[in-house]
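The sequence and structure are shown first.

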Amino acid sequence: MTPRASLVSYALLLALCFCSLPGRAAAIELEYKLKAAYLYNFSRFVTWPESAFAEKNSPLFFCTLVEDPFGSALDELTQKKVRGHPLAVRRIEHIAQAKSCHILFIPTSQHTALPHIFSALDGRPVLTVGDNPDFGRAGGMLGFTLQGKRVRFVVNVQAGKKAKLHISVKLIRLAAEIYGGNMDKGKP
Amino acid sequence: MPPMPSYQTLPALTLLLLLQASLPCLAEDTSLLDLDFEALMDIEITSLAKRSQSLSEAAGAVFVISNKDLQQSGVTSIPEALRMVPGLQVARIDSSKWAVTSRGLNGRFATKLLVLIDGRSAYSPLFSGVFWDIQDTLLEDIERIEVIRGPGATLWGANAVNGVINIITKKAKDTQGGLLKLAAGDVLSSLSAFRYGGQLDENNHFRVFGQHRAYQHGQTFSGEAHEDDWYSSRGGFRFDRELPHGGEYTLQGDLYTGTSGQLVQVPILTTPFVQRVKENSTFSGGNLLTRYHQSVGEEAEINLQAYYDRTERKSTGLRQKRDTLDIEFQHLFALTTQQTLVWGLGFRYLQDTSQGDLSIRLEPKSRSTRVFNAFVQDDLTFWQEQLRFSIGTKLEHNDYSGFEWQPSLRVSWSPASDYTLWGAISRAVRTPSRIEHDGRIDSQAFPGPTLIALFGDDNLTSEVLIAYELGYRHSLSTTLSLDLALFFNDYDRLRTLEPGQPFIETSPSPPHGVVPLAANNLMAGEVYGAELAVDWQLSPHWHSALALTLMEVQLHRDRNSQDAIAETNEGDSPHHQLSLRLSYTPSQRWEASLWGRYVGSLANQEVGRYFGLDARLAWHPVENVELSLLGQNLLDPRHPEFAPELLDLVPSEVERAFYARVLWHF
């Protein structure tokens, strides 16, 4: 085999090899697996108005805007139900497609577009979740933050009220910081 | 120094990778979804210095063009979009050719900028530059373009001397459904593209696309009709698979073909000693790329990439075919909680056959080159990740200049989450191109007859740069941020053309004298400047972005150099450049944007300073359809931007242009 042909065949061999590996034993970025679990728990402690669902058992949609950093972690959610609503996942490219979303995850890359995104969602019962603590200050409802090596979140109560969502007191009490509420800023 | 890979070590590499991927994992098997809040809040994650490092903490001058920037500016090709980046000089030569570089020393074949598309190099080793007419990716499929000014040498190797442009396309998962794009205009006569993305199941996604574009010809600097009309067709696909426990696999490929016209000035041995020839170049090619990424445990990841690229270009002056095979491997792992090490190995094989004709000749006509490289980079953090050091080097071996090493030291300090101060010192090299090594270009003819010809030289060595950089990044609020970069580039062994002993040549007839100018490395220089980027969300509906570039180029011939015009390259880059973009989005249906530019004059060419203005209006009559109108270069019916140094191409002026576009998602 000429050196060139053997190179090409090595390249192909490598390409095929990794395509069919059983993928044993390597963990997904734990951080996003954790955040997906948080999203699931958020959906359990937030109540949407009845108008947000067509029927008692219509799906509850988790949406990601433009980017999906969760990998397959979000897809594991589809096996669960919250208050009779099966969970479903949608990945959308443009805020205009967010009409059917109940929870919308907005990655940090969309930070400069936040005012536009929030005004597009104005008044709609969509729970907005962001990937950095500034998210709460900017008007988002829940923002992930890192405290040392642990994933926490901040909550903006007023934003939740404007969207006609009821955020359970338990969720608010667990937040690392609270914005726009009647309670003082910081943990009560 | 790690051993160089050879054909025997590749199977060993494969085995090593298979072994690593099957190591028992550290993660738990129970699902996190079964845990309650309190339990979730107790779990600790380790962050890898490289991966979790956000762009705002990077120790380098980085600018990102997002997909939204591409859409709002209405650009129809990648070089047009690069005009919004501080520190880049972008000049249009004719309808298909551009001179793009970072931090000075521009030319059609600006030699010091590396361009990558999803990891595949678009840099041509024939001329040490980029043929922009074949980098014709569907713009809607571009996720972002990362522009890193300054030596990117440690990770990207030789020839990333003044910067790296990293074009990253969207994952197939993010481009599902159909897309149809149609545009028509006066200069851009037509552009049509379609894309369809689907999935085989929830872990396997794909997309296919096709695109065709055609451009009208323009006018020369003196007002005559040019011949630079061109068209190009392209098709491609991408397939992504998500592997069960993290890890991703990608396969993508493109095929393209096209024709571009150009006017060339060719020296001839009889009166009038110069001839303007219309050339129709045809170009075609394809590539196939595969990439694999896998996390190993929680503290390491590996990346493996291989690609094959073929390009062909035929014109009356030169016929060229090139095959490239490139394989790269990277391993990233945490040594301690404060230290991350990344190392890698790479191999590239290039085979080209080039047949010159009119005024360009290469001897030998065919050549195969092998480039081996290895790199290592150590990232250390102190004081709870406020202070970050990065020290690394790349070692490369190529057939032209032997071993080259490119070390770099970077420091960044982020005392608070909203500002960062960084500094860097690096060494980088630009290796000789094939033409500088093996080529001969006939440049000018005089009565005699006498011919001035440029000759490559196999004693040519690499150009060397030592770069000193300093930067400051500050998020003044959630709506206003600024990014300042200062640099001082110290160049040595820059290429010059030294006159040699004239001789007589009898073929082609008539017999003529030849004055040879041989390539040598007898020039030094300094380039220094400042780059500022400001991003400001003025209100929920108004957004603005500013890019300012200031630069000074000083070149000095060595004492023993007799290249009379080498130092005139100082005047091939503007001293000042400004770009200001403004967009207004009153609702989801309407969007208007303006883009104003100022580019200073090029002292060494007939190109004066100019102001440019683009305006765009977009309307969504329904959610998934966009209609838009764009006007480019509105302030002037036409203006020149660049007159290239090599191949005696006759440039055309950049014209005022309008076009209308329909974009339909289904």
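## Helix packing on the chain A sheet

Helix α2 of chain A lies across β2, β3, β4, β5, β6 (127-130), β7 and β8 of that chain, and runs at about 35° to β8(A). Helix α3 (residues 114-121) of chain A also packs on the sheet, where it touches β2, β5 and β6 of chain A, and its direction makes about 170° with that of β5(A). Contact here means heavy atoms within 4.5 Å; axes are lines fitted to C-alpha atoms, for helices over the stretch in contact, with angles from 0 to 180 degrees between N-to-C directions. Helices (H or I, at least four residues) and strands (E, at least two) are DSSP runs numbered from the N terminus.

The model is predicted: local features need pLDDT of at least 70 and side-chain atom pairs count only at pLDDT 80 or more, whereas totals for chains, interfaces and linings use all residues. Residues are numbered from 1 along each chain as its sequence is written, chains are lettered from A and ligands numbered from 1 in the order in which they are written, and side-chain values use heavy atoms, with hydrogens and water left out.

## Strand order in chain A

The open sheet has 8 strands in the order β3-β4-β2-β5-β6-β7-β8-β10 (chain A), with mixed pairing. Its edges are β3 (81-82) and β10 (177-179) of chain A, each with a single partner strand, so one side of each is left without a neighbour in the sheet. Two strands pair if DSSP finds at least two bridges between them. Strands β7 (residues 142-147) and β8 (residues 150-156) of chain A are antiparallel and share 6 bridges, with A:Q147 opposite A:R150 in β8(A).

## Nonpolar cores

A nonpolar core is a set of buried Ala, Val, Leu, Ile, Met, Phe, Trp, Tyr and Cys residues joined through side-chain atoms within 4.5 Å. Buried means under 20% relative accessible area, exposed over 50%, and partly exposed in between (1.4 Å probe, protein chains only). The largest core has 48 residues, of which A:Y38, A:F42, A:L127, A:V129 and A:F153 touch the most other members. Helix α2 (residues 30-44) of chain A gives the most to this core, with 9 residues. A second, separate core of 27 residues includes B:I65, B:A81, B:A122 and B:L139.

## Disulfide

There is 1 disulfide over all chains, a disulfide being a pair of cysteine sulfur atoms within 2.5 Å. A:C63 is joined to A:C101, with an S to S distance of 2.0 Å. The torsion about the S-S bond is about -95°, so the disulfide is left-handed.

## Salt bridges

A salt bridge places a side-chain nitrogen of Lys or Arg within 4 Å of a carboxyl oxygen of Asp or Glu; 46 are counted over all chains. One of them pairs A:D131 with A:K35 (2.6 Å, N to O). A:D131 is in the loop between β6 and α4 (134-137) of chain A and A:K35 in helix α2 of chain A, 96 residues apart. Both A:D131 and A:K35 are buried.

In chain B, B:E140, B:K181, B:E591, B:R616, B:E626 and B:R661 are linked in a salt-bridge network.

## Strand β33 of chain B

Strand β32 (residues 590-599) of chain B runs antiparallel to β33(B), joined by 10 bridges. B:E591 stands opposite B:A618.
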